[in-house]
Amino acid sequence: MNLNKTLLLCGIALMVCSMLGPVYASQPAQLTIADSVRLAITHSPALKAAKAETEKASWLVKENHSAYLPTLSVNHLQAYNDPDTITYPSNYRSSSLEAKTILYSGGLTEGLVGQAKELYTGAQHSFAYTKQQVITNTYLAYYNVLQAEKNVALADEAVQRLTQHLSIVQAQYSEGTVIKSDVLRTEVELAQAKQNHSKAKNTSRLASSQFATLLGLPADQDIALADVSETVAYNGSIAQAIQTALT
């Protein structure tokens, strides 16, 4: 009896989990601006390419520096003559250890090392610039999505307001307090509001798709952004702002 009850409870639990699973799966990902920047930096193809170039330049510096290191070579020679096949059999062994180092290269090695260092420095600057571009683009895309969502909400409010207004105007027209042109004008305004609402939704979908692609997420991924409603005023000087931006 207890076994039957246990099996029944397990079956109910599995059914509940299967019903709740799609609900949780359909919940959009909640992202803050900090989360978005981290995702964009992690998945940016341009940043990965810049990092690879930096690592390549770093190895080039090490490769050219290795010319200053001594090179060692070991040679061993051993010969054996079978006494059954030759008149004068003999055994011969020879081993040698050789070390070489560059005393003077006419500036060639120094030039290659200096060139490699300059390439590495340039790659580091390129990586830093690319990273700042990714961060900037993420901020812009983030706020574009928020602005597009607010535009959709405003357009929806306009449609609802004009729909209510049209009902009022039609009732007034039925009572004879307004003329037909008032009804027609309200209908035109409502049609324009619906068109604006459709455009705002398309713009919002496009902004969300571009933002998701920037973060390395599927273009159709549902994303819920944490709205930044409070803006803190900057009290620093222009010089401090420039220094902060450069660092």
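This is a predicted model: local features need pLDDT of at least 70, side-chain atom pairs count only at pLDDT 80 or more; totals for chains, interfaces and linings use all residues.

Modeller: The part to look at is helix H5, residues 180-214. Start with its length. H5 has 35 residues, and at 1.5 Å a residue they should span 51 Å.

Now look at which residues are hidden. The buried residues of H5 include Asp182, Val183, Thr186 and Leu190. Further along come Ala193, His197, Ala200 and Ser204, which are buried too. Ala207, Phe211 and Ala212 complete the list.

Asp182 is buried. Arg185 has 45% relative accessibility, so it counts as partly exposed. Side chains of opposite charge can pair when their charged atoms come close.

The model has two salt bridges by the rule used here. The other one to visit joins Arg38 and Asp35, with the closest N and O atoms 2.3 Å apart. Both of these residues are in helix H2, again three residues apart. Arg38 is exposed because its relative accessibility is 51%. Asp35 has 23%, so it counts as partly exposed.

Next, the core. Phe211 of H5 is buried, and it belongs to the largest nonpolar core, which has 15 residues. Phe211 is among the members that touch the most others, along with Leu31, Tyr142, Val145, Leu215, Ile223 and Leu225. Helix H2 (33-43), helix H4 (108-175), H5 and strand S4 (223-225) each give two or more residues to this core. H4 gives the most, with six. Nonpolar side chains tend to be buried together in soluble globular proteins.

Leu215 is in contact with Leu31, Ser36, Leu39, Ala40, His43 and Thr138, leaving aside its neighbours within four places in sequence. Gly216 follows H5, and its phi is positive, near 80°.

For contrast, turn to strand S3, residues 91-100. Of its ten residues the number buried is zero, so S3 lies largely in the open. S3 pairs with strand S2 (residues 71-80) in the antiparallel sense, over ten bridges. In that pairing, Gln78 stands opposite Arg93.

How values were computed: Residues are numbered from 1 along each chain as its sequence is written. Side-chain values use heavy atoms; hydrogens and water are left out. Helices (H or I, at least four residues) and strands (E, at least two) are DSSP runs, numbered from the N terminus. The expected span of a helix is 1.5 Å times one less than its number of residues. Buried means under 20% relative accessible area, exposed over 50%, partly exposed in between (1.4 Å probe, protein chains only). Two strands pair if DSSP finds at least two bridges between them. A nonpolar core is a set of buried Ala, Val, Leu, Ile, Met, Phe, Trp, Tyr and Cys residues joined through side-chain atoms within 4.5 Å. Contact means heavy atoms within 4.5 Å. A salt bridge is a side-chain nitrogen of Lys or Arg within 4 Å of a carboxyl oxygen of Asp or Glu.
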